[in-house]
Amino acid sequence: MFGIDLNKIPDLFLFSPDDPLLFGSSLFLFLFFALLIFYRIFANNTNARNLVLITFSLYFYYMAGGLFVLLLILNAILNFYFGKWMGGTSDDGKKRNFLLLALLFNLGLLVYFKYSNFFIQLVNDISVGQLDLLDIILPLGISFYTFKSLSYILDIYLEAMNPTERFRDYFLFVVFFPNILAGPIDRAVKFLPQINKSYSLSRKEMAMGLMLIMMGLIKKIMIADYISLNFVDRVFDSPIRFTGVENLLAVYGYALQLYCDFSGYSDIAIGISLLLGFKLMENFNYPFKAKSISDFWRRWHISLSSWLLDYVFRPLQLSLRNWRKAGNITALVITFVLVGFWHGASWAFLIWGLLHGIYMAIGLLVQGPKRKFYNKYNLTNSKILGAVQIFITFNLVAFSFIFFRASSFEVALEVINQILFFFKPAVFIQFVEGFTPTFILLVLGFLFHFLPSSLNDKVTDVFSKMNIFVQAIIFTLVIWLVTQVLSADLQPFIYFQF
Amino acid sequence: MISDRLKKIICDELYLDPSTIEINNQTEAPEVPGWDSLNHANIIVAIEKDYGVRFKGLEILKCNNVGALQNLVNSKVSD
């Protein structure tokens with residue numbers, strides 16, 4: 001009947017570990033547009049609309065992460081009550097105890113799932129004992145939804161917001177499917193007030209939402225997946241088989257890949273939220289245009305860096321403030337080591353985070369002399385200086401990503417060794433000939449990144465003024481184009497593992 | 001109202017000329033040139049030193065604008 005295989009229908013409702021439901025899959029796009037239709041039907045009924053959204057979100061998480069959906073529900077229930085109890089007492093001591101309880105629950109689960117084996121391995125390595133590794137599967141998105149929930153708890157503790165009265169609102173905040181798997185780590189204080197607003201979508205917002213989804217798919221599938229499978233992975237698999245110039249291009253390529261993969265994901269998440277009437281926080285702001293490492297962290301994974309700034313760095317810095325500069329530096333290094341550790345329990349991420357902590361500390365130490373030097377030679381607003389700063393910052397960041405990407409510390413050293421001692425610049429021509437599409441994508445990717453951001457606004461503006469059918473045709477064309485490039489299987493988003 | 005004394009401490013710490021800077025109750029740190037997360041602790045230390053008071057970390061974290069900071073200073077000075 002109509003060519004539909006009825007036996008396949010149960011597959012739509014059963015989690016399959018080999019084929020999780022992910023953004024970018026055609027099934028997801030189909031289901032999402034079906035959801036949008038329902039959502040619009042119930043546009044004027046807040047209760048029905050939010051019920052549709054919660055149901056779809058739970059279905060989406062179950063299809064992506066299986067029965068861990070129960071853990072997610074438990075997280076939402078307990079944190080709602082922790083928040084309520086904290087807001088309901090004026091006794092500072094009690095408030096503090098509820099905070100500790102909430103931290104113990106949230107961080108306890110995160111540490112158990114994410115770090116148990118790291119610590120067991122550590123115990124074994126330093127031969128204090130001999131323990132068996134645990135057979136643990138990491139619940140999808142746990143690092144993201146734990147931090148989302150903690151922002152609610154911590155903001156109530158810091159009196160930046162009052163707990164919400166409605167369990168439904170808090171539940172929707174936690175399970176909201178667009179950012180459940182890999183962020184942006186939205187703040188409850190910004191998200192909750194949006195839930196009970198009436199749903200209306202201006203043409204401009206619709207155009208922005210569609211543009212973000214299109215850009216996200218292009219970044220992820222046409223750039224990130226392509227250069228990773230065809231070039232970057234090959235070099236990082238065995239760096240010594242390639243010359244230094246190819247290793248360097250792979251390092252730059254990986255910087256672009258990671259950016260396109262993660263910001264592409266964020267664009268899709270922000271775009272689909274916008275179509276559902278929710279504004280999520282920005283996650284990337286042209287990070288490679290940064291003129292210093294601290295500037296980079298105001299532009300890269302903003303939802304995580306601002307989270308750690310507010311809830312880790314600030315309290316640490318204040319408690320160490322009498323150490324003056326040393327206190328600032330200690331707080332910086334600890335915060336960035338935690339940034340690394342948040343990504344995963346491995347020495348590579350720790351080194352990556354530590355490296356950024358050291359960069360930031362050096363930046364702080366040279367801040368004064370640098371300002372004097374720039375003022376003396378009247379360089380503060382110089383364009384050339386700006387370009388040099390961008391170049392240096394980009395290379396420092398790309399260098400740190402070697403440790404982020406390499407499968408082991410030895411591999412990272414091989415990459416660095418090849419670049420320093422086996423550069424062979426003449427091989428560049430062979431690279432361009434041998435990897436022409438990769439080379440073109442690298443150039444285009446960086447070129448688009450460095451175009452003025454106002455251009456993006458102009459394109460969105462033009463798109464928003466188009467006839468809705470023309471918009472639909474362009475959207476379909478982009479999806480078609482993306483599926484043409486789609487390499488065998490959709491590559492999982494890098495940040496899903498964190 | 002932000003006292004001239006508090007304003008002067010903030011401006012001195014950030015190398016700003018107080019006559020060119022507008023700071024009122026609603027002003028938030030990022031609106032003042034140079035008042036970033038790294039400088040924040042220095043400004044707090046300068047205020048504590050000048051007024052001879054000591055804040056708790058949590059008290060400062062709860063301040064979301066200069067008005068709140070002024071209130072905190074006032075509450076400590078009048079104690």
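Why does Tyr286(A) count as partly exposed? Tyr286(A) is partly exposed because 16 other C-beta atoms lie within 10 Å; a residue is buried if 20 or more other C-beta atoms lie within 10 Å of its own, exposed if 12 or fewer, and partly exposed in between, with C-beta atoms placed from the backbone. The model is predicted, so local features need pLDDT of at least 70 and side-chain atom pairs count only at pLDDT 80 or more, while totals for chains, interfaces and linings use all residues. Residues are numbered from 1 along each chain as its sequence is written, and chains are lettered from A and ligands numbered from 1 in the order in which they are written.

**View 1. The side of chain B that touches chain A.** Ten residues of chain B are in contact (C-beta atoms, placed from the backbone, within 7 Å) with 14 residues of chain A. Two elements of chain B, α2 (37-51) and α3 (57-62), each give two or more residues to this side; helices (H or I, at least four residues) and strands (E, at least two) are DSSP runs, numbered from the N terminus. The most, five residues, comes from α2(B). By class, this side of chain B has six nonpolar, three polar and one charged residues. Ala, Val, Leu, Ile, Met, Phe, Trp, Tyr, Cys and Pro count as nonpolar, Asp, Glu, Lys and Arg as charged, and the others, Gly among them, as polar.

**View 2. The crossing of α11(A) and α2(B).** Helix α11 (residues 302-319) of chain A and α2(B) have axes that come within 10 Å and cross at roughly 35°. Axes are lines fitted to C-alpha atoms, for helices over the stretch in contact, and angles run from 0 to 180 degrees between N-to-C directions. From α11(A), Leu309(A), Phe313(A), Arg314(A), Gln317(A) and Leu318(A) meet Ser37(B), Ala41(B) and Ile44(B) of α2(B). This contact holds five nonpolar, two polar and one charged residues.

**View 3. Helix α13 of chain A.** The 30 residues of α13(A) (residues 347-376) reach 42 Å from the first C-alpha to the last, close to the expected 44 Å at 1.5 Å a residue; the expected span is 1.5 Å times one less than the number of residues. At Gln367(A), shortly before the proline Pro369(A), α13(A) has a kink of about 50°, where the bend is the angle between axes fitted to the seven residues ending there and the seven starting there. Among the buried residues of α13(A) are Leu350(A), Trp352(A), His356(A), Tyr359(A) and Met360(A). The buried residues of this helix pack against α10 (293-297), α12 (325-343), α14 (383-405) and α15 (409-421) of chain A.

View 4. Most residues other than glycine have a negative phi, and most peptide bonds are trans. Asn378(A) counts as exposed because it has 8 C-beta neighbours inside 10 Å. Tyr286(A), with a positive phi of about 45°, is found in the loop between α9 (244-275) and α10 of chain A. Glu159(A) has a positive phi of about 60° in the loop between α5 (142-157) and α6 of chain A. Gly183(A) and Pro184(A) are joined by a cis peptide bond with omega of about 5°, and Pro184(A) is in the loop between α6 (167-175) and α7 (188-195) of chain A.

Definitions and conventions: Contact = placed C-beta atoms within 7 Å.
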